[in-house]
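Biologist: I'm new to this one. Could you take me through a single part up close, the places where the pieces touch?

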Amino acid sequence: MSKIEEVKAMLEAGKAKLVPGLVQEALNDGKGVQDILQAMIASMGAVGDKFSAGEVYVPEMLMAAKAMSKGVEVLKPLLVDGSASTLGTCIIGTVEGDLHDIGKNLVAMMIESAGFKVVDLGVDVSAAKFIEAIKANNDVTLVALSGLLTTTMVAMKDSVQTIKASGLTGFKVIVGGAPISSEFAATTGADGFAPDAGSAAVKAKELVMA
Amino acid sequence: MMTKRENALKAYRHETPDYIPCFLTDFSMIQCCPDLERYTGITRGKDYWGCDWTFEPAPINAPMPTPGVHLFEDISEWRDKLKFPDLEGIDWVKQADIDVHSDFFGLLTGKGITPNEDGSSIYDEDKKDLLRLAMILNGPFERLHACMGFQNALMAIAAEPEECREYFKAMADWKIEYLKKIGKYYDLDVIMFHDDYGTNDRMFMSPDTWRKLIKPELARIVKACHEAGMIYEHHSCGFVEPIIPDLVEIGVDALDPIQACNINAGKLKKKYGNKLTFVGGFNNQDAFERSDSTPEGIKAEYRRAVDLLAQGGSYIAFPMGVAFASFAEPFIEEHFKYGMSFYQNPANK
């Protein structure tokens, strides 16, 4: 098994303590920084697919994301701008009136692992705060809104419409969360919807690469 | 004629009662020394474990673990950092007297611990026909993430299962002693033991992980509850279908709220209804708690769940929700119209 394959296997197994050493060994073997990074991104994609298929659960996905993060730390000094981002910046937050952050955090991790720089605005985020963050960050390609409460679905719709009406362009909007269906997502005016964190990363890539 | 309590007990014994018991009309509910379980004030504070909580106003109306404030973040530290409350240090006679006189729904709706305005107790003569239930919050898994944060807790389960197992054993030991105190100092019928295991579409951990880490300890808790003379009802939000056979196996008497994401609830009721009482089954997300919910939609959802789960008895109507006040009226209206006469139809018995 090559070093890169070892990195991929250990990342998928969530071995956060082993991955940094293996990444360093892969570098020592002369493997390219981008090759290693892309291999790790592919591995996280595989983990996301397994999550969507119900083959792994949140604990395993969190451990894989942690392993990815530790591996990227080794690569960061060698990356041109110190960033592993290749797909632009994603602004993410839980909508106003909603304090749930677990699903949002999972999506943030998966999106970051897919190659985005993530700016996490936290919970209870108003439309104005989303707009402020889009203006304040360069290369925003994606805005992700999360919500768990049925009572804040209206806030999600309002936020999407306010962001879309702001005149700001260059990004796509994706929504998700336990009560959100593809039908409801369509009524918000969002560009995309994902039912879980694994498919959120796939959909995010699809949206910005379209 | 049976009392409401006797009628509800038939449902808990998996028999067919005279009418569908309903939490809102047939039960007296309390918490037993609620500060043991979480902060009970309406600003920010700690519970008896040292966990930090911040009260979130309506529509949540509940304390939530204060973000970023953890007792420990590494599971290996639980023995040093987690101080189990001293159950012997509580004056249980005095505490029980406070609890049975407390306004249960006031506590749930953000008023903190306040006595019933009329000074009444769940033991009063005019409440004697109601079934008495105590809600116990923050079971072993919920306490774990209250202590160390949700993501840290889930990663600990994946990375250090053996250490988590030791924690769950110790937590079950404490809960068992707590149940013994409740059995001794209160006169109750049912314990509703909260420990959430499900998200909207899957469990937080794999069913096998749950079986290895939590099931053996939950089995001990259920046994202790029965030995203390009380029925064990487990509360877990979210999707828990994969472990329903396990809950039956370890002697759980009833399960709530069986949210609608458990799409096979009807089949499971047919299979396990003679051993497990199904409590709830309502679709809060799509029917009860949407901004565009209508009384007609709420009533239709009541009938859907009842038609799906109540046949043959072993069923209790329990509409768990955060925006409860917004749907209670049509719910109760339909309960009286449909649920109270449901078993008069021989086909439903």
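Modeller: Here's a walk through the contacts, starting inside one chain and then moving between chains. This is a predicted model, so to speak of local features we need pLDDT of at least 70, side-chain atom pairs count only at pLDDT 80 or more, and totals for chains, interfaces and linings use all residues. Residues are numbered from 1 along each chain as its sequence is written, while chains are lettered from A and ligands numbered from 1 in the order in which they are written.

Let's begin with chain A, which is assigned domain 1 (3-78) and domain 2 (89-209); such bounds come from an automatic or database domain assignment. Taken over C-alpha atoms, the centres of domain 1 and domain 2 of chain A sit 25 Å apart. Where these two meet, domain 1 of chain A puts in 11 residues and domain 2 of chain A 12. By contact I mean that the C-beta atoms of two residues, placed from the backbone, lie within 7 Å.

On the domain 1 side, helix 3 (33-52) and helix 4 (58-75) of chain A each supply at least two residues. Helices here are DSSP runs (H or I, at least four residues), numbered from the N terminus. Helix 3 of chain A has the largest share of that side, with 7 residues.

Now for the chain pair: 25 residues of chain B are in contact with 20 of chain A. Helix 7 (150-159) and helix 13 (284-288) of chain B are the elements giving two or more residues to chain B's side, and helix 7 of chain B gives the most, 7 residues.
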